[in-house]
Amino acid sequence: MVFQLISPTSPSGKWLGFVTAVWVQAISGNNYTFSNYSDALKSLMSLTQLQLNNLSVAKDVGKAFGLLAGLASDRFPTPVIILIGSIEGFLGYGVQWLVISQRIRPLPYWQMCIFMCMGGNSTTWMNTAVLVTCIRNFRKNRGPVSGILKGYVGLSTAIFTDLCTSLFSDDPSSFVLMLAIIPLLVCLTAIVFLHEIPPSSTSGEEKEEVRYFGIFNAVAIVIAVYLLAFDITGNHGQILSRAFAIILLVLIASPLSVPIYLLGRRDLKPYKSETQDVEGHVTEPLSHLTEPLLVVEESVAEVEEVVLERKRPEIGEDHTIWEALRTVDFWILFSSFLCGVGTGLAVMNNMGQMGLALGYVDVSIFVSLTSIWGFFGRIISGTVSEYFIKKTGTPRPIWNAASQILMAVGYILMAMALPGSLYVGSIIVGICYGVRLAITVPTASELFGLKYYGLIYNILILNLPLGSFLFSGLLAGFLYDAQATRTAGGGNTCIGAHCYRLVFVVMAIACIVGFGLDVLLAIRTNVVYSKIYATRKSKKAAPYGS
């Protein structure tokens with residue numbers, strides 16, 4: 001009886017799976033926490049800034065191997081993908097903890113790069129499993145799903161940082177130990193409850209999804225504001241810090257109220273094993289979720305003779321990976337994504353040294369600000385972009401364009417190094433980086449379909465290691481070392497606004513280029529979003545249940 005109530009195809013089981021997906025995302029942003037322990041690695045291993053930045057690049061290079069997760073997502077069930085990621089993360093961060101806690105001697109540089117790469121790659125398995133599964137399960141609300149899940153990724157840095165601050169007083173070794181153990185435990189929970197199931201098939205179920213997503217949004221905003229309040233209220237005593245940690249964990253667990261409510265209704269009616277997409281008219285079993293986002297309403301002409309060559313799909317229809325790679329739109333999306341996330345990662349990876357260069361002793365506040373405001377960028381952009389698609393057919397890439405120009409302004413402010421500019425800049429960068437991630441995820445599914453979405457998503461994510469290498473490893477590393485002075489231990493340091501000024505100027509120019517690319521993509525894909533808008537409008541006008 002109980003197993004039937006919480007089975008994946010029951011209403012309560014469906015939402016319990018989404019809750020565990022949220023938890024996985026809330027701990028899978030550990031790649032963005034490097035600044036919290038980078039200074040300890042730099043001192044322990046006597047690294048230059050270029051060497052330290054290349055360690056962070058190795059971490060991001062792990063995402064390049066996310067292609068394996070993309071391929072596996074089409075061949076293995078969700079629990080297997082999550083299990084692989086959790087074990088790999090445990091090993092990668094576990095070895096880093098052994099080094100930072102000085103339980104073992106510092107490993108050779110190349111070996112540290114390998115374990116950094118493993119830690120970075122682990123999140124690609126978690127993210128791929130969660131995003132692909134949830135977007136397929138809730139395909140009629142892709143924007144809110146992407147915003148919520150990516151929003152919790154943004155919050156995860158602040159969650160880890162503030163928990164470590166409240167429980168372990170910013171101890172780097174304790175922080176990395178959390179990165180090794182907590183994701184493993186959370187993923188073991190998701191393995192049990194998160195599975196791919198048929199999406200909703202009626203307008204009533206779709207409206208119910210929207211209502212429950214509103215609850216998830218509200219809880220996430222409360223968590224973000226709670227974290228922000230903790231960060232800006234200064235130092236706290238041990239009792240208040242422990243109380244903060246307990247309340248935070250309760251808030252993170254509170255989305256369980258949705259499946260518990262549905263369980264209380266004892267709704268045993270399972271979803272149908274076959275479904276019809278909101279933008280299409282084809283009914284298919286779950287194992288063949290291959291219908292494109294847009295289906296031309298005219299009936300396909302009967303095949304009168306054997307067609308030797310497959311017709312190239314239109315934008316908005318399902319593309320194989322090779323068909324997507326042959327489109328101009330894919331490379332415009334890829335390049336604009338590089339300009340946004342590459343520069344954003346450079347700031348996140350170097351936030352520790354940026355703060356120290358400007359005279360800040362404790363840089364954890366900037367790491368948390370970037371994380372929390374990145375959450376707001378993700379969750380708001382996902383919901384707002386979905387609203388304007390449904391109401392006016394506004395192309396989703398236009399929101400990426402707006403974020404790029406705002407990000408350029410943020411870099412200019414940081415280059416000016418005015419009092420408080422690092423606070424303002426970290427907030428702006430966090431918001432815009434969050435927008436880029438939350439908007440690009442559903443955009444790719446709308447332009448190239450869901451059939452091979454796992455692999456297409458991971459090719460786009462190649463921009464993370466590529467951007468990290470270009471903007472963090474090369475640009476920031478070389479320019480910082482050119483300004484730095486050698487230290488007695490063999491490393492180097494730089495104090496002053498000049499350390500990163502040219503870095504910020506170059507990244508502002510890159511964002512302006514990205515702005516132009518996003519505007520071009522919005523123009524080119526306007527017809528796709530017009531069709532989505534027209535299809536959804538006609539569905540609403542149709543009699544209920546027809």
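Is Trp 15 buried or exposed? Select Trp 15: its relative accessibility is 1%, so it counts as buried (buried means under 20% relative accessible area, exposed over 50%, partly exposed in between, with a 1.4 Å probe and protein chains only).

Before going on: this is a predicted model, where local features need pLDDT of at least 70 and side-chain atom pairs count only at pLDDT 80 or more, while totals for chains, interfaces and linings use all residues. Residues are numbered from 1 along each chain as its sequence is written, and side-chain values use heavy atoms, with hydrogens and water left out.

Trp 15 and Phe 18 are three residues apart in helix α2 (residues 11–27), so about one helical turn separates them. Helices here are DSSP runs (H or I, at least four residues), numbered from the N terminus.

Next, pick Arg 211, whose charged end sits over the ring of Tyr 212, 5.4 Å from its centre (CZ of Arg or NZ of Lys within 6 Å of the ring centre and within 35 degrees of the ring normal).

Last stop: helices α6 (residues 78–100) and α7 (residues 109–137), which pack at about 155° with axes 7 Å apart. Axes are lines fitted to C-alpha atoms over the stretch in contact, and angles run from 0 to 180 degrees between N-to-C directions.

Terms used. Helices (H or I, at least four residues) and strands (E, at least two) are DSSP runs, numbered from the N terminus.
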